[in-house]
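Please look over the model below before reading on. My notes follow as numbered points.

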Amino acid sequence: MKIALKNVGRRFNKEWIFRNLSTEFISGNSYAILGPNGSGKSTLLSVLTGSLTPSEGQISFSDAKDIPVEDIYRHISLAAPYLELVETFTLKELIDFHFKFKNFAAGVDTKSLVSILGLEKSANKEIKYFSSGMKQRTKLALACCSDSPILFLDEPTSNLDVQGINWYHELIEKFTKDRLTIIGSNQIQEYEFCKEHIQIADFKQIN
Ligand SMILES: Nc1ncnc2c1ncn2[C@@H]1O[C@H](COP(=O)(O)OP(=O)(O)OP(=O)(O)O)[C@@H](O)[C@H]1O
């Protein structure tokens, strides 16, 4: 799986968030998109997931052959602060719902996913009663335990305590092999395993 960008830029009104970004994201590698609050990490992630169109330049998705942008969602899993869970579902119902649209990663099923989460006692609890850390773990586990070849994680450790951050590292270790993993972050503990770094500031232009 490959995502290729050629001179890609995105602006909102007259403000360029980034410009002249040419790079490739390739399966088997992990990439960190870095920058302070408001620099454009989520904007670039939205372009890479195909949910936001570049204002200039070209983006292409390919596996053995080209994948049209309107189909790329089939190949992607995403966990992000702006993605809401269905609050009226219990954890088990949420897992069943999610995996109507995605397949489980090898060796995972509903029971083992609840166990990976360490939330056996909350399997029948509605998501609206989950703490913010429990919700964040759930988002990460749903994304990581899906069999999609591309994994996007935006601010993956938000709301996680030290124990939760260690749990995140184990999840990454177990479920990112051979995938294309892209992390939007400004915290080292979220992306220290990523060999490739993209600093949004390197693609800023003064208006
Ligand atoms: N739909 C939009 N319309 C106008 N401006 C927007 C829109 N979305 C984002 N922006 C602007 O783009 C810039 C980058 O925002 P973005 O959310 O990508 O940053 P970020 O690096 O992810 O920030 P954070 O670390 O705080 O999540 C900000 O100035 C933001 O106000």
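**Notes on the predicted model**

1. Helix H4 (residues 132–144) has 13 residues and spans 18 Å from its first C-alpha to its last, close to the 18 Å expected at 1.5 Å a residue. The expected span is 1.5 Å times one less than the number of residues. Helices (H or I, at least four residues) and strands (E, at least two) are DSSP runs, numbered from the N terminus.

2. Two points on conventions. Residues are numbered from 1 along each chain as its sequence is written. The model is predicted: local features need pLDDT of at least 70, side-chain atom pairs count only at pLDDT 80 or more, and totals for chains, interfaces and linings use all residues.

3. Which residues of H4 are buried? They are Gln136, Arg137, Thr138, Lys139, Leu140, Ala141, Leu142, Ala143 and Cys144. A residue is buried if 20 or more other C-beta atoms lie within 10 Å of its own, exposed if 12 or fewer, and partly exposed in between, with C-beta atoms placed from the backbone. The cover over the buried residues of H4 includes strand E6 (76–79), helix H2 (91–101), helix H3 (110–117), E7 and H5.

4. The chain has six helices and nine strands. Buried residues make up 34% of its 207 residues. Two residues are in contact if their C-beta atoms, placed from the backbone, lie within 7 Å. Among contacts between residues at least 6 apart in sequence, 74% join residues at least 24 apart.

5. Overall dimensions come next. The C-alpha atoms fill a box of roughly 55 × 35 × 30 Å along the principal axes. A compact globule of 207 residues would have a radius of gyration near 17 Å; the chain has 17 Å, which agrees. That radius is taken over C-alpha atoms, and the globule rule is 2.2 Å times the number of residues to the power 0.38.

6. The ligand shell includes Phe12, Ile17, Asn37 and Asn186. Helix H1 (residues 41–48) gives the largest share, three residues. By class, the shell has two nonpolar, eight polar and one charged residues. Ala, Val, Leu, Ile, Met, Phe, Trp, Tyr, Cys and Pro count as nonpolar, Asp, Glu, Lys and Arg as charged, and the others, Gly among them, as polar.

7. Check Glu155: its phi is near 45°, positive in a residue other than glycine. Glu155 sits in the loop between strand E7 (150–154) and helix H5 (162–175). Glu155 is partly exposed, with 19 other C-beta atoms within 10 Å.

8. Check Asp178 as well: its phi is near 65°, positive in a residue other than glycine. Asp178 lies in the loop between H5 and strand E8 (180–185). Asp178 is exposed, with 8 other C-beta atoms within 10 Å.

How values were computed: A residue is near a molecule or strand if its C-beta atom, placed from the backbone, lies within 6 Å of it.
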